Amino acid sequence: MTSTILVTGGLGYIGSHTAVELMERGFDVVILDNLSNSSESVLGGIEKITGKKPKTYIGDIRDREMLQTIFKTDHIDSVMHFAGLKAVGEGEEKPLLYLDNNVTGSITLFDAIMKAEVKRVIFSSSATVYGESDTFKYTEDMPLNPINVYGKTKLKVEEILRELKKTNPTLGIAILRYFNPVGAHPSGYIGENPKGTPNNLMPYIADVAMGIREKLFIFGDDYPTPDGTGLRDYIHVKDLALGHIAALNKLEAHTDLITVNLGTGKPFSVLDLTQVFEVVSGKKIPYEVVSRRKGDVAGCFADPTLAKELLRWEALSDINAMCKDIWRWQQNKINIIR
Ligand code: NAD
Ligand code: WQD
C-alpha cells in the first residue's frame with residue numbers, strides 16, 4: 001500500500017525538494033503551508049518535475065481544525081515537519097513570534113499527530129542547537145547550547161519530541177540536524193527564493209553574480225581558519241531531501257527515536273565558495289571584507305559518521321554541483337516565480 005506523507009512547510013525551500021523526491025519514489029504527498037515564506041507558484045515547479053501536483057492545504061500548523069480535517073481525510077502515515085520561521089535576526093527582534101510559530105505550532109501539530117495515531121514524525125532541526133566547539137566538528141552527542149532565539153526554538157522542539165517518545169514508545173521519531181543547505185533542484189524548476197536581502201551566503205553570492213547586488217560583504221577574515229574566513233558545511237538540498245527518505249526508511253524498519261546530523265563533513269570557507277561560484281558562473285564576484293557578524297562562529301561542520309551507519313546515507317554532491325544548480329535556478333527563477 002502507498003504511504004501518505006504530510007509535508008508541513010512543503011512549499012518552502014527544503015520541503016519542496018523533499019516532496020519531489022518522495023513523489024518520485026511513489027509516496028503520496030500532502031502539503032500544508034501558510035505561505036508565510038513561500039508562494040503557490042512552487043506547486044507549478046513541483047508539477048513540472050514530477051508530472052503531478054501534490055494535494056495542498058494552504059493553512060497554519062497552529063490551526064487545530066485544519067489539522068483535524070487533514071488527518072481525518074488523508075490517512076497520513078508519517079509527517080515530515082519543515083514548517084517554521086528560520087531567520088536568526090528576525091527571531092531576536094520577535095521572540096514571541098518565533099516561539100509561537102515554531103514551538104506552539106509544533107506542539108499543536110504533535111497533539112494532532114498523537115490523536116490520529118500517525119506512525120512516524122521527522123523534524124527539521126539545525127546544527128544551531130550545538131554549543132561552540134574548538135574543533136569546529138560536531139557529533140550528535142556534543143553539548144547543546146543554542147545562542148539565539150531561533151536555535152532555542154529548535155532545541156525546545158527536540159526536547160518535546162524526546163518527552164513524547166517516553167510516553168509513546170510506538171511513535172518513530174527522527175530529529176535531523178541540518179548544516180548549511182544550499183543549491184537547487186538540478187532541473188532549475190524549484191529552489192530557494194529569499195524575500196528581501198538574503199541573510200545567507202550562497203543566495204547573496206548568486207545575487208552578486210546576477211548583478212542584483214554590487215558586491216559581497218565578507219563578515220571577517222581574522223578567524224582561526226586557513227584563510228581567515230568562516231568555515232561551514234554546505235550540503236546540497238537534494239542530498240538533504242534524500243536524507244529524509246533514508247530516515248523514513250529507517251523508521252519504517254524500527255520505531256526508534258534517532259537524532260542525526262545531515263552534513264557532508266567537508267568544510268569550505270567563504271573565499272572557497274566565492275571562488276567556485278566565479279568559475280561556475282563565469283562572473284566576477286567583487287567583495288569587501290567587513291567586521292565579523294554578531295553570533296557567527298569561526299567554523300561548523302558535521303561528523304556525518306552516524307548518518308552513514310544508521311541511515312546508510314551520505315551526501316553525494318560536491319561544491320561545484322551545489323554552485324552550478326543554484327546558478328541555474330538563479331537565472332531561471334525570474335520566469336518561474338510571479
Ligand atoms: P522555508 O522558509 O523556505 O520553508 C518553511 C516553510 O514553512 C515556508 O514555506 C513557510 O511558508 C512555511 N511555514 C512557516 N510557518 C508555518 C506555519 N506556522 N504553518 C504552516 N506553514 C508554515 O525554510 P527552509 O529553508 O525550507 O527550512 C525548512 C525547515 O528546516 C525549517 O524548520 C528550518 O528552521 C529548518 N532548517 C533550515 C535550514 C536552512 O538553512 N535553510 C537549516 C537548518 C534547519
Ligand atoms: C555562512 C558563512 C558568514 C553572508 C545560518 C543560520 C543557521 C542555519 C543555516 C537554519 C558565515 C559568511 C554570510 C554574507 C558572509 N539555518 N557570510 N557574508 O550563519 O552558518 O547559518 O543558516 O537553521 O541557523 O545561522 O550561514 O550562509 O549566513 O553564513 O561573509 O553576506 O558566510 O559569516 O561564515 P550560517 P550563512
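**View 1. Strand β9 and the shell around ligand 2.** Strand β9 (residues 216-219) gives 4 residues to the shell around ligand 2, the largest share. Strands here are DSSP runs of E with at least two residues, helices are runs of H or I with at least four, and both are numbered from the N terminus. This is a predicted model: local features need pLDDT of at least 70, side-chain atom pairs count only at pLDDT 80 or more, and totals for chains, interfaces and linings use all residues. Residues are numbered from 1 along each chain as its sequence is written, chains are lettered from A and ligands numbered from 1 in the order in which they are written, and side-chain values use heavy atoms, with hydrogens and water left out.

In total, 18 residues surround ligand 2. A residue is near a molecule if one of its heavy atoms lies within 4 Å of it. The closest are T128, Y150, F217, R232 and D296. The shell divides into 9 nonpolar, 6 polar and 3 charged residues. Nonpolar covers Ala, Val, Leu, Ile, Met, Phe, Trp, Tyr, Cys and Pro; charged covers Asp, Glu, Lys and Arg; the others, Gly among them, are polar.

**View 2. Polar contacts of ligand 2.** A polar contact is a pair of N or O atoms within 3.5 Å; within protein, one must be able to donate a hydrogen and the other to accept it, and residues adjacent in sequence count only if both atoms are side-chain atoms. R232 places a polar side-chain atom 2.5 Å from an oxygen atom of ligand 2. The side chain of T128 has an N or O atom 2.7 Å from an oxygen atom of ligand 2. F217 uses a backbone N or O atom, 2.8 Å from a nitrogen atom of ligand 2. Alone, ligand 2 exposes 690 Å², and the protein buries 87% of that. Accessible areas come from the Shrake-Rupley method with a 1.4 Å probe; for residues, only the protein chains shown count as cover.

**View 3. The salt bridge of K119 and D77.** The closest N and O atoms of K119 and D77 are 3.2 Å apart. A salt bridge is a side-chain nitrogen of Lys or Arg within 4 Å of a carboxyl oxygen of Asp or Glu. K119 sits in the loop between α5 (95-115) and β5 (120-126), and D77 in the loop between α3 (64-74) and β4 (78-81), so the pair ties together parts 42 residues apart in sequence. K119 is partly exposed at 42% relative accessibility; D77 is buried at 13%. Buried means under 20% relative accessible area, exposed over 50%, and partly exposed in between (1.4 Å probe, protein chains only).

View 4. The structure holds 21 salt bridges. E192 and K86 form one, with their closest N and O atoms 3.5 Å apart. E192 lies in the loop between β8 (180-182) and α7 (201-210), and K86 in the loop between β4 and α4 (88-93), so parts 106 residues apart in sequence are tied together. D207 and R213 meet at 2.8 Å, N to O. E21, R25 and K238 are linked in a network of salt bridges.

**View 5. Two aromatic pairs.** The whole structure has 2 aromatic pairs. Rings of Phe, Tyr and Trp (its six-membered ring) pair if their centres lie within 6.5 Å; planes under 30 degrees apart count as stacked, over 60 as edge-to-face and the rest as tilted. Y130 and Y138 have ring centres 5.0 Å apart and planes at 25°, so they are stacked. F277 and W327 have centres 5.9 Å apart and planes at 80°, so this pair is edge-to-face. F277 belongs to helix α9 (residues 270-281) and W327 to helix α11 (residues 319-336).
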